[in-house]
Structure formats: structure tokens, C-alpha cells
Amino acid sequence: MSKSPNITWSRLGLGTGTLASLGRASSAKDVERILVSMLENGVSVIDTANTYGSTACERLIGRVMKNIQGPFTLVTKAGYCHGDLPLPLRPLNPFLKKALQRMGRQQCFEPTYIAKCLERSLYRLGIERVSTFMLHDATMEAVTNDHLLSVLENLKTSGKTVLVGVSTGDPEILQHALSTGVFGVIQTPASLRHAQALQSVWHQCEAAGIHVIANHIYDPHCFRHLGVNHELLMRASASLLPEGATILCGTRNPSHLRQSNEWASNPIPRPDAERLAEEIYAMEI
Ligand SMILES: NC(=O)c1ccc[n+]([C@@H]2O[C@H](COP(=O)([O-])OP(=O)(O)OC[C@H]3O[C@@H](n4cnc5c(N)ncnc54)[C@H](OP(=O)(O)O)[C@@H]3O)[C@@H](O)[C@H]2O)c1
């Protein structure tokens, strides 16, 4: 566990990217099982986004959280265009999202839109504030937009989010975001394939007290090219990341959550992890 002001960050976090995917959405009962398992295993962080399941994911989490006493550390994100139709048109949201994408409207970081997104996320989650509100796959234009940065500061002041963050795997965008002093959290991919490129940003965050959230640990390329298993990937990434980082595990399976949590708390020796990261880096995949 590590602590930023008013936030408890668990070592493992639940990733919810596929929890409410079209055609394979989890039931409320399944989500309840995984949230109960989180609490039993000391996992508090839930990472979601308004675009996951075209808003259905946040609604599902909100519904289940009504029945389960936390504490949960909620992280949500905005920046992708998505459908947000009211009932009875809600089932059309995923199709609206696809139509927007086909029209070239993939992302939007317009300040008023982003502020509105947080309002809507809070409503769907049924809470008054999140721990962190992130720009989802932020562009350079977004993190250099002074108007957007001041809107994000206002969202903190208004109490709707404790911290604001930025998610991207682009070291240049991350460097710029860090230089603004606005962002208290970053989210990056952190598989062995990404570690070489992002190590220096992670170190910088560690020194500055900026929290790191890591995703994409179970990278299919690493399985294929290194011939390693889930346990080794998690324990190696845990070794390379800052000690207090939160590592996401996208699972619907309570026993996978428990296993991943144990592995995340038990890193392999750093030189071994570095050797694996160098090996996959040299493959240039
Ligand atoms: N741009 C962004 O901000 C961004 C991008 C990517 C991801 N994310 C976040 O990160 C989360 C994680 O996504 P990811 O793509 O990084 O996926 P991941 O967690 O690296 O991998 C998920 C896959 O691993 C399996 N798995 C998990 N634990 C396991 C275990 N102990 N043993 C065997 N298999 C296991 C899961 O299957 P089971 O369901 O069967 O366990 C699932 O197929 C997402 O849900 C999302 O919240 C954010």
C-alpha cells in the first residue's frame, strides 16, 4: 500500500476494460464476486473509463458498489468519444461509438466536454468524487492546452476528483505532462516490452511523488517471444516498477485476482527482470 493525500493505493488494481464489452458483459453477480475478492485480498483500486462498454462499465460498477461497503479507490478516464444515450436508447451506445469512430471522431479533449465527462462518470458510478480523473490516451495537444489544464485544476478544487492524471505510453507526452505540475498520477503500459522506454519516466515520478499505475502486464508478445508465464511476467514487471506503483490486472476471475496480487507483491530480483526486458527489447517487436 502507498498513500498520496487522501488516497490509499493498493499494489494491485482491478482493470475493467473488458468487464462490460459488447456481447460478453459480466453480470452484476460476477462483478460483485470480484469486488468482494478485492476486499478480501486488500486490493482497493478500480480502474475504469467512460468509454469502457460505452458507459455500461461505470454503471455496472456503480450498481454493484451500492451493495458492497468499500473502501475502493476509483480511477476513471475521459477523452474518447462514446455514445451516452438515455434509456430506452441505451443499448444503441456501442453502435453510436462505432459510428463516431467511423466519422473520424475518435477522441475529444475539448475542456468543456472533459469537465462534463467527469460529471457524467460520477453520476454513473453513484459517488460524489473519484480518487483520480485521467485524460485517456492523452495527446500532446491535450497536455499543452492551458485552458484544459486550468479546467482540470478546477475539478480538483471543486472536490469532484482528488487528483488528475494522464494515461499514455508515449514518453514525450508523459514528460510534458509532468512538467506542467498539474498531474499527480500517470498510467502507462508496463509489460517487459515497454519497460526500457519508460523506466526514466517512472523514476522521475517516484522522485516527484507522482503515482504510477501500470497496465498491459500480461502482454501476449512477451508470452510468444520470451516463452514466459503469467507469474513471471507479473513478478518481473513488479520488480522494474516503482515500489509504490499500482499494477492493474484485467480479470473477471477472483482466483486470478488473488494470484496476480500475490505475484505483484513478490517481485523477482531486479537484475533478472532487467535481463528479460533487455532480451525482449533486442527483439524489436
Ligand atoms: N490507455 C489506457 O488507459 C489503458 C490501456 C490498456 C489497459 N488499461 C487498463 O488496464 C487494465 C488491464 O488491461 P490489460 O490490457 O493491461 O490486461 P492484463 O491485465 O495485462 O491482461 C488481462 C488478461 O490476463 C488474464 N489474467 C489475469 N490474471 C491472470 C492470472 N493470474 N492467470 C492467468 N491469466 C490471467 C485475464 O483473463 P481472465 O479474465 O481469465 O483472468 C485477461 O485475459 C484494463 O482493464 C484497463 O483498466 C488502460
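Helices (H or I, at least four residues) and strands (E, at least two) are taken as DSSP runs and numbered from the N terminus. On that basis, β10 (246-249) and α11 (254-264) each supply at least two residues of the shell around the ligand. The model is a predicted one.

**Ligand shell.** The ligand is surrounded by 23 residues, and the closest are Gly15, Gly17, Asn215, Gly250 and Thr251. Helix α11 gives the most to this shell, with 3 residues. By type, the shell consists of 15 polar, 4 nonpolar and 4 charged residues.

**Overall fold.** The protein chain contains 12 helices and 10 strands. Its C-alpha atoms fill a box of roughly 55 × 45 × 40 Å along the principal axes. Of the 285 residues in the protein chain, 43% are buried. Among contacts with a separation of 6 or more, 79% are between residues 24 or more positions apart.

**Packing of α11.** The helix that gives the most to the ligand shell also has buried residues, namely Leu257, Ser260, Asn261, Trp263 and Ala264. Viewed down the axis of α11, these fall within an arc of 165°, so they line one face of the helix. An α-helix has 3.6 residues a turn, so residues three or four places apart point the same way. The elements covering the buried residues of α11 include β3 (12-15), α1 (28-40), α10 (230-240) and β10.

In soluble globular proteins, nonpolar side chains tend to be buried together. Here the largest nonpolar core has 77 residues, and Val166, Ile186, Ala214, Leu241 and Ile247 have the most contacts inside it. Helix α8 (residues 192-208) provides the largest share of this core, 6 residues. Which residues does Ala214 contact, leaving aside its neighbours within four places in sequence? They are Thr188, Ala190, Ser237, Leu241, Ala245, Ile247 and Leu248. Two of these contacts, Leu241 and Ile247, are also named among the residues with the most contacts inside the core.

**Backbone details.** Most residues other than glycine have a negative phi, and most peptide bonds are trans. The table lists exceptions in this chain.

| Site | Feature | Angle |
|---|---|---|
| Gly70 and Pro71 | cis peptide bond | omega about 10° |
| Leu87 and Pro88 | cis peptide bond | omega about 5° |
| Ser54 | positive phi | phi near 50° |
| His216 | positive phi | phi near 60° |

Pro71 is in the loop between α2 (56-65) and β5 (73-78), and Pro88 is in the loop between β5 and α3 (93-102). Ser54 belongs to the loop between β4 (45-47) and α2, while His216 belongs to the loop between β9 (211-215) and α9 (220-226).

Is Ser54 buried or exposed? Ser54 is buried, because 24 other C-beta atoms lie within 10 Å. His216 counts as partly exposed because it has 19 C-beta neighbours inside 10 Å.

**An exposed histidine.** His147 is found in helix α6 (residues 146-157). With 10 C-beta neighbours inside 10 Å, His147 counts as exposed. His147 and Thr112 are 35 residues apart in sequence, and their C-alpha atoms are 9.6 Å apart in space.

Technical notes. Residues numbered from 1 in each chain as written. Predicted model: local features only at pLDDT ≥ 70, side-chain atom pairs only at ≥ 80, totals over all residues. Near = placed C-beta within 6 Å. Nonpolar A, V, L, I, M, F, W, Y, C, P; charged D, E, K, R; others polar. Buried ≥ 20, exposed ≤ 12 C-beta atoms within 10 Å, placed from the backbone. Contact = placed C-beta atoms within 7 Å. Arc of directions from axis to C-beta. Core = buried A, V, L, I, M, F, W, Y, C linked by C-beta atoms within 7 Å.
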